[in-house]
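Biologist: Could you walk me through this structure? I would like to learn how to read its features one at a time.

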There are 2 protein chains.
Amino acid sequence: MFEHFETHITSITSFTKEELRRMRLLSAEKKLRRRQLLLHEGEVCRYKAFVVKGLLKTYRKKDDGTEHIMKFAAENSWMIDAESFNNQTPSRYNIEAVEDTDVIVWPRENLHELFTAVPAFKLYSEQLITRTLEASQNRILMNISYTAEEKYQDFITSFPDIFRRIPLHMVASYLGVSRETLSRVRHAQIKRQKNLDAGESRR
Amino acid sequence: MFEHFETHITSITSFTKEELRRMRLLSAEKKLRRRQLLLHEGEVCRYKAFVVKGLLKTYRKKDDGTEHIMKFAAENSWMIDAESFNNQTPSRYNIEAVEDTDVIVWPRENLHELFTAVPAFKLYSEQLITRTLEASQNRILMNISYTAEEKYQDFITSFPDIFRRIPLHMVASYLGVSRETLSRVRHAQIKRQKNLDAGESRR
């Protein structure tokens, strides 16, 4: 698994052989089966995880059983409950494998050691936080200003690969739109597309 | 103005006199009248601003003229368009004074100088980013999982001071709820409160 991570991260920043050896030494590999949890609600998040293969979701379960998906992480992306990890407080979220998933994890204390030993990795992590913050701001803007149809379209455009791999109710959960609304939006789109195709073929 | 900032920041972290002198030297003061803009859409965000007195809002104007409020910043809080500031790209937002507002601003290049000269200020800024990210995550969870009534209640509880200072349509804009829905929620709450009060007085 580590070779995959090495290929990915060296395509972004350069590291010495010794630095990569250190990163490997302080990491651990985990294999999750579909539906297996990497983090349970109520536990403290102790790891930062990099997805090598598969798909994870972070979600909050409401008292009535409904699931609200905060994030998906597929190949070459990171997953963490930052609030729980930073403050070492019980998580309000679950992190679960949507497919069989391979991850590399770094425990918190090892990560701190790495940041001191490998400044380039600290810089990379800071840039990751900056990008995550920008993405969060964009998602908030989408949440408060887009119609259900615009949200659905934005998801397909932004995450075409994830869209193909998950059922529609997970898209609805991520967007904060009811399943009924999303089905309506989808049927209207399919109908419009059919009319368009019919128009094209009549030419 | 700077004395106010000094009192605030030294209550969080300690700085030497020389460090504070440097922070002052690299800053500038600005006075905004109500409705005056600190940042126009299309401009590059060149400053990080600290609010000494008054209230700012960051919003995006859609083509149809509707305003979507991303953030409020009252006394002792910071305002910036981070994406524009970090990448030096044109902003998609406006930052506007909701009341007459006094701010202290640090231009980008001065801030970089400060981070090197005053490591405690860099650490403080990093912690600010971490907290902003946590708050963004919580807002996303609220956006996708709360009912309009829960969102409204959460706003009052989280920002009681700002709630008192802004008209209801700005609350609606921040929450991503239509004015009509928010009016309905508010009337239902007032009615319930009245019934509760009547019940109390009948005892």
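Modeller: Happy to. Let's start with a strand pair: β3 (residues 47-53) and β8 (residues 101-107) of chain B run antiparallel to each other and share 6 bridges. Strands here are DSSP runs of E with at least two residues, helices are runs of H or I with at least four, both numbered from the N terminus, and two strands pair if DSSP finds at least two bridges between them. One example is B:Ala49, whose bridge partner in β8(B) is B:Val105.

This is a predicted model, where local features need pLDDT of at least 70, side-chain atom pairs count only at pLDDT 80 or more, and totals for chains, interfaces and linings use all residues. Residues are numbered from 1 along each chain as its sequence is written, chains are lettered from A and ligands numbered from 1 in the order written, and side-chain values use heavy atoms, without hydrogens and water.

Biologist: What is the strand order of the open sheet in chain B?

Modeller: The order of its 4 strands is β1-β8-β3-β6, with antiparallel pairing. β1 (28-32) and β6 (78-79) of chain B each have a single partner strand, so one side of each lacks a neighbour in the sheet.

Biologist: How are chain B and chain A related?

Modeller: Two copies of a chain are related by a rotation about an axis and a shift along it. Here, a rotation of 180 degrees with 0.0 Å of shift along its axis superposes chain B on chain A, with RMSD 0.0 Å (least squares on C-alpha atoms of residues with pLDDT of at least 70 in both copies). That is the relation of a two-fold axis.

Biologist: How many residues does each chain bring to the contact?

Modeller: Contact means heavy atoms within 4.5 Å, and chain B and chain A bring 33 residues each. The copies meet through the same surface, because 100% of the interface residues of chain B are also interface residues in chain A.
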